Each structure stands twice: as C-alpha cells, then as structure tokens.
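Subject: A structure to look through

Dear colleague,

I am handing over the structure below, and I would be glad if you kept it open while you read the notes that follow it.

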Amino acid sequence: MAAEPDRGTVGLVRTDDAARIAELEKENLKLRKITRALMDRVERSMDAQGSAFSMFQTSVMLGQVVRDRTAALAEVLSDLEASNRAMVRARDEAETAKGRLSDAIESVSQAFALFDADDRMVLANSKYQALWEPLGVMIAPGTSFPDIARLTVERGLVNVEVDAREAWVARRIASHREPKGAQIYPLADGRWVQINERRTRDGGVVSVYTDITDLKLREAEQREQELAQKSRLLQSTLDNLSQGVAVFDHDQRLVAWNRRFFDLWGMPADLAQEGAPLEAFLLVAASRGEYGQGDPAHQAREQRNILLRTLPSYWERRLDDGRVLEMHHHLMPDGGFVSAYTDITGRTRAAEALRDSERRIRLITDAMPALIAYVDADLTYTFTNLAFEAWFGRSRDAINGVAVRTVQGETQFQRLKPYIDQAMAGHTVAFEIEEPRGDGTLRIARKSYIPHLDGVGTVIGFFVLTHDITEERAAEQALRDAYETLERRVEERTAALTELNRQLSQEIAERRAVEEALRAAKTDAERANLSKTKFLAAASHDLLQPLNAARLFSTALLEKRLSLPNRTIAHSIDKALGSVHTLLNALLDISKLDAGAMQAEPSAFLLDSLLSELAAEYGGVAAARGLRFRYVPPRTAVDSDPRLLQRIVRNFLSNAIRYTESGQVMLGCRRRGTGLEIGVWDTGPGIAADKLELIFEEFRQIDPGSPGGRERGLGLGLAIVERVARVLGHPVHVRSEPGRGSVFSVTVPLARGVEAPLPPPVVTVRGVTVGARVLVVDDEPDICQGMEALLGGWSCRVVSAGSADEALQHLAAGGVRPDLIIADYHLRDGATGVDAIEQVRAATGWRMPALLITADHSTHLHREAAARGYPLLNKPVKPAQLRALVTHLLGQAGPSLVPAGEAG
C-alpha cells in the first residue's frame, strides 16, 4: 500500500498556485492598461512645433518600452504556465493519494470515520455506514459530529431514555472532542461497540469503531460460569454446615438454604424452593402452636413483623419434642437477612445438670458455719455460701460476678493481696487477719486460700475458707489481761491461772484440730461425692450377688414346712431383703442416671404389650389390698425405650396402690396432639398444690405414714421417674386434689407403621416338673447353694458348676443329661453363660431349654439374650418370677408337679 500523502501539504500547494496565478493575472491586466494608455497618449499628443521627428522618437521609445514589457509579460506567462503544470501534477497526485487513502480505509476491518478540524465528517468506510444502514440513515461527508451524536439516540442506534438523551449527547460530544482512551457502548440491537478516537495534526479526529459483541458475550458467559461455580461452592458449604442456614432477600423470599435448616425447624419439603415466602414458614410454625393459641395466619404476620423489626436478633426456643434451638438472624446489606439455627439441646441439658449439681453443693455449703467462696483467675467471686453472704450483708447476686477489690474495699484488698498472689502462684496459704463485716464491725478471721489447678497444672482460681475467731482471740486477750492483773497475786492464784491456761491451750488445740478435721472432712466429702456416683454405678454386680443369694435362701426357707413363729421370722427376713433390694435398685438407678450410664434406646412398639404386663402384675396386688383395678388397653404404637418407659409406669402404679386406702386405681391412655399420655388415676389422699414440686426430690415424702399401716416408700421412686423421663425426653405431669386423688402421667410420641404381633402361645403348667434335672452354672458358691436350696424345695434335682469346664467334667464322669440349664452371664476369666450353655448342648447333643441370670442391666445384654432365644432374669432374682419361667420352660416337655412339701 502506498504511503498516505500529507493532506496539509496538498492544501498548501493548492493555495500557493492560486495566489500566484491571481497575482500574475493582476500584473498582466496592469501592463495591458499601461500599454493602452501609452498608445493613446502617443496618438493624441504632439510637441509644440508639431515635429515629426519628435513623434518618431516618441514612437521608438514607446516601442522599446512595449518590447520590454512584452518580454517581461512573456516571461511571466511562461512562469504561469509552469506553475499551472505543477499545479495539475500536484492535483493528480493528491487525487491518487486520496484514492489510495479511501482504499486503505475501506480495507480496515473496523468501522472508520475521519472528521476535520470543524468536526465535519470528511471520509468514512462502508462498515461505518453499515452501522446506520438498519436505521435507514446514510451519513454524508460534511455532516457535523453533533448531528451524528443526535441521530445516534433519535434513530435508536443506542437505547437512551427520552429525558436523558440531551445529557448523553453532551457527554458523547465532549468525549469526541477530548479523546481519552477507548469507550464502550451497547447498541440497541444487542451488539457492543468499542470506540477509539484520536486527534490528527491538522486538528481533526479519527474514529475507529470495533465490534466487541463476541468478546462481551464470552465475558458474560465466563461471568455466569464463575457465578454458577461460586453458587455451587456456597451451596456445598451450606450443606456441610452442622447449623441450619437459610437466606431471605429484601422481599423476604428464600434464595439459599441447606437441608439441615428444614430438619431442625421441621419444615415440609415443598417449601425447599427458591422464592418461598418467609410468611409460609412462619405459618407452618404457627399451625404447630409454636407461637401460642390463636389464628395461625395472624400469628405468622405478627411474627414476621417482629422478626423484621428486631433484626439482628437472637432467640432460643424449646420445641414440643424437647429439643432446644438457638436462632440467629443477621441483617444483610441489600435488605435481606440470614437465619442460622443450631440444636443446643445437649448444651442446655448439660447446663441444667450443672445447675442441679450446683444446687446440691449449695445445700451442703449453706449449712456450714464457715465462710466459703471461690475466686477465679480474674480475682472475681463466682461462688459464695450463705454464711459468706450474711457476713457482708449482701445478696448472692451482689457478690457473685463482682471483683474481690470491690467487695473487700481497696484498703482490705491491699492487705489481702500478698496472700492472693501466693495462692495464684499455686501455694496453699493460711493466715489470720482483721476483716470488717458488712455492718462495719471489725472481726478477726482465720482464712485459708487453696489454689485450684486445671488438668495441666495451671492455676485457674482458688477456694476461700474463712472462720470467725474473734471470740477465740478475745478470750486469749482476756487471758493475757488477766495474767497481767493477777501477776500481783501470783502466789495465791498461780495454780488456778496455770490450770486455766492449760484448759485454754487445750481448747485452742482442740479447735485447731477440729478446723483441720473440718478441712480434711470437706476434702474427703468432695472426693467421696465425686466417686460415689461412679462407684455405685459400676458396683451393681458385686452388690447384687450376695443379695441374690440371700433372697434365694429366704425363699427356699419359706418353701419349707415351718412352725408359725419360724414362718413369721422367715417372712420378716424375706420382706427386709425385698426392701433392701428395692432400695439398692433405686440407689443404683439414681447413680447410673446421674453418671450418664443409662442411655435411652428408643424403638417403635405396641403399647399394649407393655401395659398389659403391668396391669396383670399390679391387678393382683390391688385386689389383695381391697382396691378396684381398671385397665383400658390402647391400640396404638409409641416410639420410646420400652424398658425405661416401663420403669416410669411401674413407679406410678406402685405409688398409687401404696397410698390409696380405698376406691380404685386406673391405668389408661389419652391422645395429646402428636403424642400419647399414659396416666395412672387413683382415689388416694391427694397432694397439696404447694407440695407437687417437692415430691420429685430424693428421700422426700410428703406424708411419711401410709394409710392403714401399709409399708411406706423410700422417697426415691419419683426422683428416678424424673431422671428417666429426662433421659427419654418425655414430659411428666402430675395433677392432684387433696381428698379426691391424683393423676401421674407421662407423654410419649406416637409411632406409625407398627403392626400387632401374633400373641404368644399360652402354656398352662401347674407347679414344677417333679424330678427335673437342673444344671446351675455360677461362679459364686453362695448363689449355687441358694439355687440348690430353692430348686430342691421345688422337687428338682440340682447339679451346680462354677464354670463350663466343671459342668463338662460332671457329664464326662457319668452325670445325667440336664433338662434345664440356669447360667449366670458373667463367669470367671471373661467366660459367659452363653458359652457354657452352648458347650453343654454340644456335649450332650440335645438343645435343652436354658435361661440366663445376671446383675448386668444393660440393654445390649438383653438384646443379645433375646437374639439367641434365651430368657433373661436380673439379679436379685424374684423367686416367683423364676418359678414361673422354670415352669414354662419345663412344662413344655414334662409332667407338672407341686412343691416338695406337697409331692407325694
């Protein structure tokens, strides 16, 4: 491509040639006028004599002048001709350069337009005209740029609101006249154009329009992909959170959420969609009664207004199923908000357990006369007993959480500071100091600071133990005063003073010894209280073994023919052992519950299968006490732990029968919303309203005496009920009216899809099979002896073995094959009763019936026995229960008989 000619140079050539031609023409005209004037003068003028020579001379001179002028004119015309030829050549070259420039501009891939110094378009290529072609517009050379800018918005090349067009045109003209880099504009047909403009040397503007639609589309696509990726990452993050999270926009519509949010709040799945309104969620919650009674739609609107008005906010809400949710609502910059739900049920229950433990500790410390307090690492009181609060004359809230410096005062704090520093350094400090009471009186106190260390040995606070020894020190001072006064009469009073001094010294020593003992006792009590629960929860097997043996012996003794006095004694022994059994089981249950060793394992089951067994058991007890017993069997299934639920209902029935003197006891159920209320109604003496909370405390009996002289309870049953219900998460209710009776109930959730099982075959057997061969496997000799005595009293032939090996040795020595095996589950060296039963069956080649006995009350053991088909009894074994089970197992294969005393 040829080089573009300098447009400024071409213009300059054209201007010089025209001026030169005009000047030459003007000079030529002037010469012609001079020539005509001279010739006219020659023709008309004569000298005074009219001389012909003069005229000739004049004509010659004029001719010379004309020749000179003509030569000069010819030279000028020659120059003019040369200038014209140069001008034509320059014009041709300029036309050629312009054509080449047009071709070059047309070959450019972008739209191109050239404007002169007056902002009028000089040149543009077809691509520039193509921008306007869909609008029916042709931009002709000479059109001013302001007109082009107005056409841009008026013809709709760019979409601009009518009231904003003038401002847009003004900005476009300004950017055109002062180019400052590339500018990007969206066209009305969806294309994007980038305009690059720059000034030329003659003051004009070059504009290049580049179609960047594809680039913009790629950027938009990439941006959409990035947003989609971010959205996926955000959703993945939300789905992996343990919290439930939902995001609502400024119109209170759902835009993001995770599954945990719907699980925690219990929302239906059809709301899990973008755009679901907040009010729909609140309406579901209101329909469930979360906001009390009333119109759900009105409650939902009120709750929405409260939520939006109080942002940001924090709520805690306890649901009907016992769970506790922590709800945080955070405001977003665009007017929406984020809701985060956290299940804090475990934390809440732990806090309740801590408060219960603190209440027990406070009952003990408040009963002590010494001042007891705890100071944390920030030197702030976090615990004080009643004596400490009385000393300063302040309430507990006015001391706990307040700095030692504030409570003691600056002067007293500075006196205590050296001892506090020693305690925080890990040293136990004991000292005496004057300390003012709250009423301003000054007392002498003996204080002990005992550091509290964490698991790595860091001091995190210290315990404060303070005794008021003012009277003791006053006595010492009085003694010193008396000694100084009586020194003048030393001869007659020496012996008395010496004795008095000895007594006082002894008293001081005794008091110090008592104080030391109190400190040691306090430490021992704390250790004992810490280990008591673990010990009792773990010692059930060792405690129940000898008790089981004693029950077996006592029942075996009652099976004998005894004289009336001896039978009375035997009954008393059996009754006392039964009371010990009840008390020990209650204490073990409370200990396991406090230690967290008893866990709920809920399942769905038909409630009648549990209640009918209790009704059969307590119906006879009620009849023996002259009471009417009613049972209304339910036809529903519930979701609970049947073993723990049975304990609750059993306790209700036991208390109702124990405290009802006349009338009736009824066991029945009522539907309560999504749950089932299991209740026991009685016509007993009733309980006053102010005593209803107290009956759930340990060893608390509102009426210690039972009607009719019946046996009194232990005061532990309802305490166990309260703890078991807490483990299950089932609410317990009590309603009572003195003189009319009481209702104790527990509400359990309903279960769906549980079908009634076929009833078990009924086997009617009278007595125990005479001569039945029973193998007892137990590593406790006392248990074996007791079982031999009890079963022998039922006319059974009993063989005892301490292990499976001993049983196999007996069989190998010619022992007869047993008809029944009774085995303890836990044997020596890690062996189990299941192993012993399987080995004896394998050795004899016959699967004789067998049952397990154990002091282990764990659920997994009950499940293992049920899975293997072995009946399981817990120690201490109730003889009547054992007899019924042995009768059932043996009665399927042999004849029935009566106890040994009646056999014949």
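To begin with charges and rings, the charged end of Arg-437 sits over the ring of Trp-391, 5.0 Å from its centre, where sitting over a ring means that NZ of Lys or CZ of Arg is within 6 Å of the ring centre and within 35 degrees of the ring normal. Another such case is Arg-817, which lies over the face of Trp-846 at 4.4 Å from the ring centre.

Before you go further, please note that this is a predicted model, in which local features need pLDDT of at least 70 and side-chain atom pairs count only at pLDDT 80 or more, while totals for chains, interfaces and linings use all residues. Residues are numbered from 1 along each chain as its sequence is written, and side-chain values use heavy atoms, with hydrogens and water left out.

Next come the aromatic pairs, for which rings of Phe, Tyr and Trp (its six-membered ring) pair if their centres lie within 6.5 Å, with planes under 30 degrees apart called stacked, over 60 edge-to-face and the rest tilted. The count by this rule is 19 aromatic pairs. In one of them, the ring centres of Phe-431 and Tyr-449 are 5.2 Å apart and the planes stand at 80°, so the pair is edge-to-face. Phe-431 belongs to strand 13 (residues 429-436) and Tyr-449 to strand 14 (residues 442-453), so this pair ties together parts that are 18 residues apart in sequence; helices (H or I, at least four residues) and strands (E, at least two) are DSSP runs, numbered from the N terminus. Phe-431 is buried, with a relative accessible area of 7%, and Tyr-449 is buried as well, at 3%, where buried means under 20% relative accessible area, exposed over 50% and partly exposed in between (1.4 Å probe, protein chains only). Elsewhere, ring pairs link Phe-248, Phe-261, Phe-262, Trp-265, Phe-281, Phe-337 and Tyr-341 into a cluster.

Which residues of helix 23 are buried? They are Gly-833, Val-834, Ala-836, Ile-837, Val-840 and Arg-841. Seen down the axis of helix 23, these buried residues fall within an arc of 165°, so they line one face of the helix, the arc being that of the directions from the helix axis to the C-beta atoms. On the other side of helix 23, Ala-842 and Ala-843 are exposed, and the helix is followed by Gly-845, whose phi is positive, near 70°.

A nonpolar core is a set of buried Ala, Val, Leu, Ile, Met, Phe, Trp, Tyr and Cys residues joined through side-chain atoms within 4.5 Å. The largest one has 37 residues, of which Leu-607, Leu-611, Ile-648, Phe-652, Leu-653 and Ile-678 touch the most other members. Helix 19 gives the most to this core, with eight residues.

Finally, some backbone details deserve a look, because most residues other than glycine have a negative phi, and most peptide bonds are trans. The peptide bond from Leu-311 to Pro-312 is cis, with omega near -15°, and Pro-312 is found in the loop between helix 9 (296-309) and strand 8 (313-318). Leu-379, although not a glycine, has a positive phi of about 55°, and Leu-379 is found in the loop between strand 11 (371-376) and strand 12 (381-384). Ser-795, also not a glycine, has a positive phi of about 70°, and Ser-795 counts as buried at 16% relative accessibility.

With best wishes
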